[in-house]
Protein chains: 2
Amino acid sequence: MPDPAPDPAIAFHAHDHAHCCGGLIAEAEAIAASRSVRLTPVRRRVLEILLEEHRALGAYDVLERLARDGFGNQPPVAYRALDFLVDQGLAHRVARLNAFMACTHPGHSHTPAVLICRLCRTVAEAPGSRVRAAIDAEAETAGFAVERTTVEVLGLCPACREGAR
Amino acid sequence: MPDPAPDPAIAFHAHDHAHCCGGLIAEAEAIAASRSVRLTPVRRRVLEILLEEHRALGAYDVLERLARDGFGNQPPVAYRALDFLVDQGLAHRVARLNAFMACTHPGHSHTPAVLICRLCRTVAEAPGSRVRAAIDAEAETAGFAVERTTVEVLGLCPACREGAR
DNA sequence: CGTCTGAACGTTATGCTATAACATACGCCA
DNA sequence: TGGCGTATGTTATAGCATAACGTTCAGACG
């Protein structure tokens, strides 16, 4: 499947964030329904928390916010919800940061490249198809069968790049 | 700089391992000397430990082996040596595994793609130039300035792929 | 030679990340 | 309505990483 057309790195652009969150929650609902899995209150709230900012949050950051809202305040509560979201492709784990981010275009089979701004910590997803193709080619040469890929890029987002001048 | 020519994913092939280790230690010595940094006994031993197998080792695994050899047995001892090796490009951190591996072709400026076999845990480096080019292209589109990349691939190495049939 | 200095190392203590294991509650449906 | 599978709550612990401080050591320089 090709990369989705619209706005790959939306996190880096000015946009109607309430609308972008609302839309993604609605998409998540639809996806969950179509797969007969349950987007329970905790899971939904965790997704909302991740969507509140385009930044990666640690599990304990999520947990703290959950606890404030009256959900359980022990680590497994957060980890289980996060694992669910990651399994369903509604969120991604950012290995480099030991943190999690909402997926901004769920429902597409994608192997995203995560762009992480080292100054403002904003994270965005770039289309990963071409990167993935390059990886597949190299793996092929080595006789290696690719199953999952992690592509994470540390650098400066457009705004911080300007500011850093 | 292009990817080094010889044997990108040596870890997956039968090879004279003693020779490969010895050669890499010698290279490390030369690199350290040329940069006026010191490959001290602890650092050298940590590199040897990483080289003993083509697998990624956790810091505490390294530490345990260090302690056996009479070096300090507290975490900072291992982490400091590992950080040094990573800084000098003599080792890589594998974010996905929270672990470390020896670099099999140090001294080249490379952005490696790490191939991780999910069955035997062997890790190898594939040339990352083409992958890096693809990343650069996507980042350019997003207006993002790339500084460092993490490319890690989980799957099956040639041997385990055979066995899995 | 002495001593100064900065790098490396040893040690204590602590913080952050993640999961095992078990108990409780809930939803579904036969 | 009783049974079953899924989800949640809770306790405890395991695994990964670093701050801070004191000591040691190698090399520079008078």
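Some ground rules. The model is predicted, so to speak of local features we need pLDDT of at least 70, side-chain atom pairs count only at pLDDT 80 or more, and totals for chains, interfaces and linings use all residues. Residues are numbered from 1 along each chain as its sequence is written, chains are lettered from A and ligands numbered from 1 in the order in which they are written, and side-chain values use heavy atoms, with hydrogens and water left out.

Start with DNA strand D. Of the DNA strand D atoms that come within 4 Å of the protein, sugar and phosphate account for 45%.

Now the phosphates of that strand. In Arg93(B), a polar side-chain atom sits 2.5 Å from a phosphate oxygen of DNA strand D. For Tyr79(B), the distance from a side-chain N or O atom to a phosphate oxygen is 3.1 Å. For Arg43(A), a polar side-chain atom is 3.3 Å from a phosphate oxygen. These fall under polar contacts: a pair of N or O atoms within 3.5 Å; within protein, one must be able to donate a hydrogen and the other to accept it, and residues adjacent in sequence count only if both atoms are side-chain atoms.

Which elements build this surface? Helix H2 (41-52) and helix H4 (75-87) of chain A, and helix H4 (75-87) of chain B, each supply at least two residues. H4(B) has the largest share, four residues. Elements are DSSP runs numbered from the N terminus: helices are H or I with at least four residues, strands are E with at least two. By class, the surface near DNA strand D has seven nonpolar, four polar and six charged residues. The classes: Ala, Val, Leu, Ile, Met, Phe, Trp, Tyr, Cys and Pro are nonpolar; Asp, Glu, Lys and Arg are charged; the others, Gly among them, are polar.

Next, DNA strand C. Within 4 Å of the protein, 42% of the DNA strand C atoms belong to sugar or phosphate, and the rest to bases. Arg93(A) places a polar side-chain atom 2.4 Å from a phosphate oxygen. Arg43(B) has a side-chain N or O atom 3.2 Å from a phosphate oxygen. What does Arg80(B) approach on DNA strand C? A base nitrogen, at 2.4 Å from a polar side-chain atom. On this surface, H4(A) gives the most, with four residues. The classes here are seven nonpolar, four polar and five charged.

On to the protein interface. Chain A gives 35 residues to the contact and chain B gives 34, where contact means heavy atoms within 4.5 Å. On the chain A side, Glu138(A), Phe144(A) and Thr150(A) supply 21% of the buried area, more than any other three residues.

Polar links next. The rule finds 16 residue pairs in polar contact across this interface, both at pLDDT 80 or more. S5(A) gives the most to the chain A side, 12 residues. That side has 22 nonpolar, five polar and eight charged residues.

Which way do the S5 strands run? S5(A) and S5(B), residues 145-156 in chain B, pair in the antiparallel sense over 11 bridges. Pairing needs at least two DSSP bridges. Arg148(A) stands opposite Leu154(B).

Last, salt bridges: a side-chain nitrogen of Lys or Arg within 4 Å of a carboxyl oxygen of Asp or Glu. Four link chain A and chain B. Arg130(A) bonds this way with Glu138(B), closest N and O atoms 3.2 Å apart. Glu147(A) and Arg118(B) form one, at 2.5 Å between the closest N and O atoms. Glu147(A) lies in strand S5 of chain A and Arg118(B) in the loop between strand S3 (113-117) and strand S4 (123-126) of chain B, so this pair joins two chains.

Conventions
Near = heavy atom within 4 Å. Buried area = accessible area lost by both parts, 1.4 Å probe.
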